[in-house]
Amino acid sequence: MNLYDYNTVKRILSKHGFTFSKALGQNFLINPDVCPQMADSLCADGDTGVLEVGPGIGVLTKELCSVAGKVVSVELDKRLFPVLDETLAEFDNLEIINADVMKIDLKQLIEEKFSGCTSVKVCANLPYYITSPVIMTLLESRLPIDEIVVMVQKEAGERLCAEVGSRLAGAVTVAVNYYADSEILFDVNRDSFMPSPKVDSVVIRLKIRKEQIFSVKDEKKLFTVVKCAFSQRRKTALNSISNTMGISKDRLTAVFDELGLDLTLRAEKLTMNDFICIADRL
């Protein structure tokens, strides 16, 4: 069954009465080069477990089942289950779970479903509207996973993989850098999807660090400072943090002076060390 063929996909979806949901950000891959590259990038083997978020019609799932020992796909849309029963019928190393990845206990799921695996990885073609929330959930939950390989909107991918202190940096950049080493693997043209979205995509890899390389007094405080610093991007970091955290400008100015930071700096110019030092002193 060729899931990259437009007519084949259209016939299967029509057979099961399936229509695309804009609310769920459903755009299915029809480029035959993308999913094999994503699966191969995992360097998976028979001892590898792969957690997939949103299998769609099973295009990426099929490739993952071919390289990994066990694949568990979490799918929110129940309407896709009859479709997946047909497109993935040949694989016995696959389990599909009807759940919301933002609400399910992922740590428990991994412990139960991948107990015999020596390595667990996440691979997914994420809907654009939940890219950052899903990635942050995966990172902040401190799951026993080695890496995350996902396709995301190009602009989002560039921000996720940007260097802290660079023009493209945002709050999510700092968060990703705190937990993982990131890189863009390859670009994906918008014509690779059905229906075609209005933007291009990229596939990125986040390699989870086993040991924390940053020394922070209070992680919650750090991420509050980061979020507040970027909440008003056109203002200086000092004013943005002061306005949104409710900290007096005088107190914050003293902190910036103590650290030797320019009071006119915007959030994207602050380094990871700058954010940590500001948070520690607050």
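Helices (H or I, at least four residues) and strands (E, at least two) are DSSP runs, numbered from the N terminus. The model is predicted: local features need pLDDT of at least 70, side-chain atom pairs count only at pLDDT 80 or more, and totals for chains, interfaces and linings use all residues. Residues are numbered from 1 along each chain as its sequence is written, and side-chain values use heavy atoms, with hydrogens and water left out.

The chain contains 12 helices and 9 strands. Its radius of gyration, taken over C-alpha atoms, is 21 Å. A compact globule of 282 residues would have a value near 19 Å, so the two agree. The globule rule is 2.2 Å times the number of residues to the power 0.38. Along the principal axes, the C-alpha atoms fill a box of roughly 65 × 40 × 30 Å. Of the 282 residues, 50% count as buried. Buried means under 20% relative accessible area, exposed over 50%, and partly exposed in between (1.4 Å probe, protein chains only).

The accessible surface of the chain is about 13300 Å², and 47% of this belongs to carbon and sulfur atoms. Areas come from the Shrake-Rupley method with a 1.4 Å probe; for residues, only the protein chains shown count as cover. Contact means heavy atoms within 4.5 Å. Among contacts with a separation of 6 or more, 67% join residues 24 or more positions apart. The chain carries 34 positive and 39 negative charges, whose mean positions are 7 Å apart. Lys and Arg count as positive and Asp and Glu as negative, while His and the chain ends are not counted. Each charge is placed at NZ of Lys, CZ of Arg, CG of Asp or CD of Glu.

Helix 10 spans residues 237-245, and its buried residues are Ala 237, Leu 238, Ser 240, Ile 241 and Ser 242. Their cover includes helix 9 (219-230) and helix 11 (249-259). Ser 240 is buried because its relative accessibility is 0%. A polar atom of the Ser 240 side chain lies 2.6 Å from the backbone oxygen of Cys 228. This is within the limit for a polar contact, a pair of N or O atoms within 3.5 Å; within protein, one must be able to donate a hydrogen and the other to accept it, and residues adjacent in sequence count only if both atoms are side-chain atoms. Beyond four places in sequence, Ser 240 touches Cys 228, Ala 229, Phe 230, Ser 231 and Gln 232. Just after helix 10, Gly 246 takes a positive phi of about 75°.

Thr 137 belongs to helix 6 (residues 131-140). Its side chain reaches the backbone oxygen of Pro 133 at 2.8 Å. With neighbours within four places in sequence left aside, Thr 137 contacts Met 102 and Leu 106. Arg 142 is partly exposed, at 44% relative accessibility.

Gln 153 sits in strand 6 (residues 147-153). Its relative accessible area is 23%, so Gln 153 is partly exposed. Gln 153 and Thr 131 are 22 residues apart in sequence, and their C-alpha atoms are 8.3 Å apart. Leaving aside neighbours within four places, Gln 153 contacts Tyr 128, Val 199, Asp 200, Ser 201 and Val 202.

Cys 43 also has a positive phi, about 50°, although it is not a glycine. This residue is in the loop between helix 2 (34-41) and strand 2 (48-53). Cys 43 is exposed, with a relative accessible area of 65%.
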